[in-house]
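Hi everyone, thanks for making time this morning.

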Amino acid sequence: MVKLQRLGIVISDKMQKSVVVAVEYRYKHKFYSKVIVRTKRYLAHDPENSCNIGDQILLEESRPLSKKKRWVVKEILNKAVIVN
């Protein structure tokens, strides 16, 4: 069985062991030939609470973990630079 994977950016890390990830889809309109950007938000399981806002991560599909959580953080690709 092939598991789906998505690249996204963490937009919220306020929950315990969960993050909200925004994934952008770009496609060309059939008639107007304009590139359209759509964003979808996924809830993902982060067991170590290691993700922060702005991190680029790799998501992997999993069994349902809660009502809305069906993805797991597989890997953090780029950590966000935090400036205070």
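Predicted model: local features only at pLDDT ≥ 70, side-chain atom pairs only at ≥ 80, totals over all residues.

Residues are numbered from 1 along each chain as its sequence is written, and side-chain values use heavy atoms, with hydrogens and water left out.

So, the fold. The chain has five strands and zero helices, and its pattern along the sequence reads β-β-β-β-β. In what order do the five strands close into a barrel? The order is S1-S2-S3-S5-S4, and the pairing is mixed. From one strand to the next, the twist averages 50°; for that angle, axes are lines fitted to C-alpha atoms (for helices over the stretch in contact), and angles run from 0 to 180 degrees between N-to-C directions. The C-alpha trace spans about 45 × 40 × 20 Å along its principal axes.

Now the pairing, where two strands pair if DSSP finds at least two bridges between them. Strand S1, residues 5-12, runs antiparallel to S2, with three bridges joining them. Within that pairing, Ile9 stands opposite Ala22 in S2, and Val10 stands opposite Val21. S2 and S3 also pair in the antiparallel sense, over eleven bridges, and there Val19 has Ala44 in S3 as its bridge partner.

On to the inside. Of the 84 residues in the chain, 25% count as buried, where buried means under 20% relative accessible area, exposed means over 50%, and partly exposed is in between, with a 1.4 Å probe and protein chains only. A nonpolar core here is a set of buried Ala, Val, Leu, Ile, Met, Phe, Trp, Tyr and Cys residues joined through side-chain atoms within 4.5 Å. The largest one has eleven residues, among them Val10, Val19, Tyr42, Cys51, Leu59 and Trp71. Which strands each supply at least two residues of this core? They are S2 (18-28), S3 (35-45), S4 (56-61) and S5 (69-78). The largest share, three residues, comes from S2.

Counting a contact as heavy atoms within 4.5 Å, and not counting residues up to four places away in sequence, Val10 touches residues including Val19, Val21, Cys51, Ile57 and Asp55. For the whole chain, 48% of the contacts between residues at least 6 apart in sequence join residues at least 24 apart.

That brings me to Asp55, which sits in the loop between S3 and S4. Is Asp55 buried or exposed? Asp55 counts as buried because its relative accessibility is 0%. So what does its side chain reach at 2.8 Å? The backbone nitrogen of Asn52. The side chains of Asp55 and Lys79 are also joined by a polar contact of 3.5 Å. A polar contact is a pair of N or O atoms within 3.5 Å; within protein, one must be able to donate a hydrogen and the other to accept it, and residues adjacent in sequence count only if both atoms are side-chain atoms. Leaving out residues up to four places away in sequence, Asp55 touches Gly8, Ile9, Ser50 and Ile76, among others.

Next, the turns, for those of you who like checking backbone angles. S1 and S2 form a hairpin with five residues between them, and Lys17 in that turn has a positive phi of about 60°. Lys17 counts as partly exposed because its relative accessibility is 44%. The hairpin of S2 and S3 has six residues between the strands, and Ser33 there takes a positive phi near 60°. Asn49, in the loop between S3 and S4, has a positive phi near 50°. Asn49 is partly exposed, at 43% relative accessibility.

Last, the rings. The structure holds two aromatic pairs. One of them is Phe31 with Tyr32, edge-to-face, 4.9 Å centre to centre and 90° between the planes. Rings of Phe, Tyr and Trp (its six-membered ring) pair if their centres lie within 6.5 Å; planes under 30 degrees apart count as stacked, over 60 as edge-to-face and the rest as tilted. Phe31 counts as exposed, at 66% relative accessibility, and Tyr32 is exposed too, at 62%.

Thanks, and I'm happy to take questions.

Conventions: Helix = DSSP H or I, 4+ residues; strand = E, 2+ residues; numbered from the N terminus.
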